[in-house]
Amino acid sequence: MKPRQISVFVENRTGRVAEVTRILGEGGINIRAASLADTHDFGIVRLIVDRVDEALTLLRSKQFTALDTEVVAVEIADEPGSLAKVLAILDQDNVNVEYLYGFTERGAQKAILIFRFENTNQAVEALERNRIQILSGEELGRL
Amino acid sequence: MKNASENRIWNPEFECLPVEAIRELQLKRLQETVRRVEEKVPFYKNRLREAGLNSDRIRSLDDLRRIPFTTKDDLRDHYPYGLLATPLDHVVRIHASSGTTGKPTVVPYSRKDIETWSELVARLLVAGGVTERDIVQIAFGYGLFTGGFGLHYGAEKVGAAVIPISSGNSERQIQIMKDFGTTALVCTPSYALHLGEVRKELGLEVKDLSLKYGLFGGEPWTVKMREQIQSAFSILATDNYGLSEVMGPGVSGECSQQNGMHIFDDHFIAELVNPETCDPAPLGDQGELIITTLTKEAMPVLRYRTRDICRFLPESCLCGRTYMRMSKVLGRTDDMLIIRGVNIYPSQVETALLEVEGIEPHYQLVLRKRGVLDELEVRVEVDEAFFTDEMKKLHWFEEKLVAHLSKRLNLTPRVVLVEPKTIERTVGKARRVIDLRDEKNA
């Protein structure tokens, strides 16, 4: 099952992102990765958490607009050139990347990349064909 | 400041009629009008019959109040030509005005109506000091709205030179004002204030322009705004009032006394009523202005509810005109807003939002001043129905909202996406409009 990322709509005023993380923290939700995409008037907070459905319920109960999006999580070696290699593979197959962010995994000497693709299936097929390690939702949650 | 032209009267024979003669003329024209609509307009035929009335029963002006009101909804329900009293062939012009939902209110004119309209606007222009020697710059939008064309035809009738520049492009307005030697400016009061600032920004002095008169309408304005406009351009600034549904500009206009607008009583009967009880408002009290047309051919209206609140000023005027004066508009009895001279109903916004992706978001209108001009902000709550994870899709959606609202409202708003439940709900109903502009009807 593909990993589900949580996206939360926040207005561009102080305290909104902090509020999102506070709610999750109080709910015992563990955030694995976070990114904030911002623009003039609003932002989208994107989170990888350990318990997606609980997190959604919590946020919605506090009047936040949140949804979950299917993303692709890729595990690569934590060394120079790793990211470039993955992107080259995607390029070759004309796979369109909507956005991506990454974080390293201490101890395992690995890095995780979270991708949002225009065409998820096309991307997964290309990555698998090139033997890139793809993580399932469960595996991502367990990190 | 006062010179001879400011005391001129366009049509003294009618504008200075003794009050008794006005009343006689009004009754005669009212009877003719009721007879015509009874015969030619099924809507009025039914309305009158339901009220137990017919034209024979209109024997005095007091009988007017037995006639039921005509409302904006009635006009909307008979869109587009349901209230025509002449064959469509006789119509030579069709104007339209903002409707409460998507559909505009349609106003057709016969050739005689256009002539009447020109005559009325000529009156208000002359009352404001304009003569055939003037060069009149009309910075009202030309189009379906009655402002541009209305003032144009009136100015032409007076014999002035008309510059049909329409609205917008402020720097060019000032350039032309200077180069063409404009002596009279016609636009909304807030636009006049704005042009005053642009003039300063361009480094021009008042003496670099030839302006003498300003005739402003389309939105409420305060005494303070008048003072600011008069000093920004060193002009005599007068107010005028009208509404498309009964004609357009040319229902009433201020003379150089600048103390209330003379209602052209030979062409309209104006009443003031208590908007709740619908009884006549006692003289001196404010009330809702109700207008009956006396000379309209293509689309006469009986007792039209303008939703504008004002007061009558019955004292005689030094100018010699005998028509009743009305105060400036003090407010509305409905929720209509005027933003930069454009009439907007919150329900129009609702309809427009629904048309975009079929969503019914909670929304709120915030009105502010950006400098001297009005700005409309439409705040839209982002709920699960249209939230998307992709930034560019949200942006695109925001842009689509702006484009669609602009089309529907004839005004470009700012759209701000906000979190759910940030828009106040009072007893289950959202507070739809927050008006932060200070200078309202004072």
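Biologist: How many bridges join strand S1 of chain A to strand S3 of chain A?

Modeller: Six bridges join S1 (residues 4–11) to S3 (residues 42–49) of chain A, and the two strands run antiparallel. Strands here are DSSP runs of E with at least two residues, helices are runs of H or I with at least four, and both are numbered from the N terminus. Two strands count as paired if DSSP finds at least two bridges between them. This is a predicted model, in which local features need pLDDT of at least 70, side-chain atom pairs count only at pLDDT 80 or more, and totals for chains, interfaces and linings use all residues. Residues are numbered from 1 along each chain as its sequence is written, while chains are lettered from A and ligands numbered from 1 in the order in which they are written.

Biologist: Which residue in S3(A) does A:Val8 stand opposite?

Modeller: A:Val8 faces A:Val45 in S3(A).

Biologist: What is the strand order of that sheet?

Modeller: The order is S2-S3-S1-S4 (chain A), an open sheet of four strands with antiparallel pairing. Its edge strands are S2 (31–38) and S4 (66–70) of chain A, each pairing on one side only. On average, neighbouring strands are turned by 25° against each other, direction ignored. The axes behind such angles are lines fitted to C-alpha atoms, for helices over the stretch in contact, and angles run from 0 to 180 degrees between N-to-C directions.

Biologist: Which strands of chain A does helix H1 lie across?

Modeller: Helix H1 (residues 16–26) of chain A lies across S1, S2 and S3 of chain A, running at about 140° to S1(A). Two residues are in contact if their C-beta atoms, placed from the backbone, lie within 7 Å.

Biologist: Turning to the sheet with S6(A), why is one side of S6 and of S8 left without a neighbour?

Modeller: That open sheet has four strands in the order S6-S7-S5-S8 (chain A), with antiparallel pairing. S6 (97–105) and S8 (133–135) of chain A stand at its edges, each with a single partner strand, so one side of each has no neighbour in the sheet. The twist from one strand to the next averages 30°.

Biologist: And over how many bridges do S6(A) and S7 pair?

Modeller: S6(A) and S7 (residues 110–117) of chain A pair over eight bridges in the antiparallel sense. A:Tyr101 stands opposite A:Ile114 in S7(A). Helix H3 (residues 82–92) of chain A packs on this sheet, touching S5 (72–77), S6 and S7 of chain A, and its direction makes about 130° with that of S5(A). Helix H4 (residues 120–129) of chain A lies across S5, S7 and S8 of chain A at about 25° to S5(A).

Biologist: How many helices and strands does chain A come to?

Modeller: Chain A has five helices and eight strands. From the N terminus, the elements run β-α-β-β-α-β-β-α-β-β-α-β-α.

Biologist: Now the interface: how many residues of chain B are in contact with chain A?

Modeller: 14 residues of chain B are in contact with 15 residues of chain A. On the chain B side, helix H11 (391–409) and strand S19 (414–418) each supply at least two residues. S19(B) gives the largest share, three residues.

Biologist: What are the domains of chain B?

Modeller: The assignment, which is automatic or from a database, gives domain 1 (4–334) and domain 2 (339–435) of chain B. Their centres, taken over C-alpha atoms, are separated by 32 Å. Twelve residues of domain 1 of chain B are in contact with 13 residues of domain 2 of chain B.
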